[in-house]
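Work through the exercises below with the sequence and the model open beside you. Try each task before reading the solution that follows.

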Amino acid sequence: MSKKLDAFKKMTLLRIAEEEIANLYLREKIMSFVHFYVGQEAVAVGVSDALTKEDHALGNHRSHGHYLAKGGDLRRMVCELLGKEEGSSHGKGGSMHMIDRSVGFTGSTPILGSIVPLAAGSAFAQKYQVSKNVTVAYIGDGASEEGGVYETMNLAALLKLPLLIVIENNLYSVNSKILDRRSKDYSVEKIVRGIGLEYEKADGNNYEDVTTKAAQLISGVREGKPAVLECVAFRHMAHNAPIFDDAQGYREEDVLEKRLAEDCLKKVRDQLFSEGESEETLSRITEDTRTKVLGEIEYAIAAPYPKKETLYTDLYV
Amino acid sequence: MSEEPRLLTYTEALKEATEQALTADPSVFVIGLGVSYKNGADGTTAGLKTLYPNRVLDVPVSEDAFTGMAVGAAIHGLRPVVHHGRVEFALFAADQIFTQAAKWNYMFGGNNPVPVVFRINVGRQWGNGPQHTQALYGLFGSVLGLKVVIPSSPYMAKGLLASAIKDNNPVVVLEPRWLFQTKQAVPEESYELPLNKAHIVREGKEITVVAYGDGLHAAREALEHIDGIDVELIDLVSINPIDEETIQKSILKTGRLLTIDTTNASFSVGSEIAARALRMEGVTFKSTPKMLACPNVPCPTSTALTEEYYPTKIDIANTLRVEFNKPTLDTKLSFEELHLAPLTTIQ
């Protein structure tokens, strides 16, 4: 399978998983606070395609996509969202705490920016243990405004840590616009370069652009040159609800028509089609993926809840 | 002729535990502001940078980042010892200590150890005022997922830090700066003390005194001024967990309780002990539980005001004397006793 077709397959999994989970949220009472990744799939898949399985990735509140793109187990994720025993955190974490250490996805936390120092710790351990592996931290544009993120950039540059910080700039922190949060002269690039890290900006709605620039930066990161990759990508759904929220009226640039025109999945599909991939192949991938996702949802619905006494377990190792 | 016991100060004891951990386990490293100095971290890391240049790291003045990096390193297999010279600065890293390290294993459903040690200096020191003397014991004790110990002497400091570094959970070691120059016989070989057990310093039948840290030190000295009242003195050692079993056994015997805090009375450890004691099975009190603590104002700077602030050995002795209908003492403590950290050799 070509790399692009493989990327299409992965992005389709991320998209359909979120769509079907959103449907499930609308149908049933799922009590796990959720932030959907729809629209930003090119970032997680593009970055993950530039990593090895041994590399680490850590994420944030919107990490279903980061988890799946790194190879995280779909069944355990869906079970976790439904609060089931078989979930990746046995129901104690939920949507905002994705983890699958077997594929190097070593955790996600929803306190904005907090994952960046933690990811630096992963990179520190990789360097300390003299491996050639790297760590990726996924954060949003909102989290990138937290002080600890800038502190960590300095620490990473000082200690030459193999750390890549991916800022997914989806234009909003919840619904707050960038220009309501930053002076007009604010420049992520100048700040990052000023601290001493490498910087690239990618079109987060474009898989090719993301994965090419991620690969370029990661080759330096592997040699101890920490970097920031800023990806501007559209968040198609509401901040934290299984709905499309255009009626809220806060969106300016990323209105529905533009989101559909710039949709990363559609772009890859169109490219594959123009490069000679058959409609049938692409549709089959989509259908097979939906069947698989629906199967896992059905499995998770039937799966048992954790036993009541586990409320008290695992506070300490 | 018996050999002279080997006396170490509190800070030397902490350094020895750290050095022995660095030697024993290559995954241990030390990180914090100034830990690489010749007399780093009040002497608690003195000389370690020379021995282990790549494992003793000075850092930018960025507590959130370096504390979080240490937590992340612990999550990914290392054993960091993080040093914060003042608790007020550690609070910059509150998210990483309270919300990340403390919750990590639970929120991922277990099997996710975070073997990090936070060494945090707390409490009184002359002239340090409202923003350099907080202890915040209650705050740390209230965060589930942390283990929290308060060494009361050099012997306790070495053994508790050794255990903290070996533990697979985040452990906060709150180190009262007031005790740094106290001395005690400390074994040279490595040893560990339990992180979850109170220690009975003196057995007695008439009243249970629960203290910790520098309050325990003052309580121990108060024993010389109580004319034979049969005190059971308990060094609490850990405020998370609190060793209820040891306290319960003691109060079942004595029926009386005095708690000593060297921080504000509100939300203090003493309040927690008294509240738990009142609910303990079979416990009936012969008199209302008593508490000594600092007043509910920040610690001021002027010695004219701070001499009223911390409970002294005479305050403790007099509280006990009143309890047992003995005349109170009006001993005046010297300026040095009131305001300068003790140089006492603890037996």
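**Exercise 1.** What should the 15 residues of helix α1 (residues 10–24) of chain B span at 1.5 Å a residue, and how far apart are its end C-alpha atoms?

Keep in mind throughout that this is a predicted model. The expected span is 1.5 Å times one less than the number of residues, so for the 15 residues of α1(B) it comes to 21 Å. The end C-alpha atoms of this helix are 21 Å apart, which agrees with that expectation.

**Exercise 2.** Decide whether α1(B) is largely enclosed by the rest of the structure, and find what covers it.

Begin with the buried residues of α1(B), which are Tyr10(B), Thr11(B), Glu12(B), Ala13(B), Leu14(B), Lys15(B), Glu16(B), Ala17(B), Thr18(B), Ala21(B) and Leu22(B). Because eleven of the 15 residues are buried, α1(B) is largely enclosed by the rest of the structure. The cover over these buried residues includes the strands β1 (7–9), β2 (28–32) and β4 (79–84), together with the helices α2 (48–51) and α7 (154–166), of chain B.

**Exercise 3.** Describe how helix α1 (residues 3–27) of chain A packs against helix α11 (residues 279–302) of chain A.

Take the geometry to begin with: the two axes come within 9 Å and cross at roughly 45°. An angle between 35 and 65 degrees is neither roughly parallel nor roughly perpendicular, and α1(A) and α11(A) are therefore oblique to each other. Their crossing is right-handed. Turning to the residues that make the contact, α1(A) contributes, among others, Phe8(A), Leu13(A) and Glu20(A), while those of α11(A) include Leu282(A), Arg290(A) and Ile297(A). By class, this contact has ten nonpolar, three polar and three charged residues.

**Exercise 4.** Carry out the description for helix α4 (residues 74–81) of chain A and α11(A).

The axes of α4(A) and α11(A) lie 9 Å apart, and the helices pack at an angle of about 45°; they are therefore oblique to each other. The crossing is right-handed. Leu74(A), Arg75(A), Val78(A) and Cys79(A) of α4(A) meet Glu296(A), Ile297(A), Tyr299(A) and Ala300(A) of α11(A). Sorted by class, the residues of this contact are six nonpolar, no polar and two charged.

**Exercise 5.** How many residues does each chain bring to the contact, and which element of chain A gives the most?

Chain A brings 32 residues and chain B brings 31 residues. On the side of chain A that touches chain B, β2 (105–108), α5 (115–128) and α6 (147–159) each supply at least two residues, and α5(A) gives the most, with nine residues. By class, that side of chain A has 14 nonpolar, 15 polar and three charged residues.

Definitions and conventions
Residues numbered from 1 in each chain as written. Chains lettered and ligands numbered in written order. Predicted model: local features only at pLDDT ≥ 70, side-chain atom pairs only at ≥ 80, totals over all residues. Contact = placed C-beta atoms within 7 Å. Helix = DSSP H or I, 4+ residues; strand = E, 2+ residues; numbered from the N terminus. Nonpolar A, V, L, I, M, F, W, Y, C, P; charged D, E, K, R; others polar. Axes fitted to C-alpha atoms, helices over the stretch in contact; angles between N-to-C directions. Parallel < 35°, antiparallel > 145°, perpendicular 65-115°, else oblique. Left-handed = near helix turned anticlockwise from the far one by under 90°. Buried ≥ 20, exposed ≤ 12 C-beta atoms within 10 Å, placed from the backbone.
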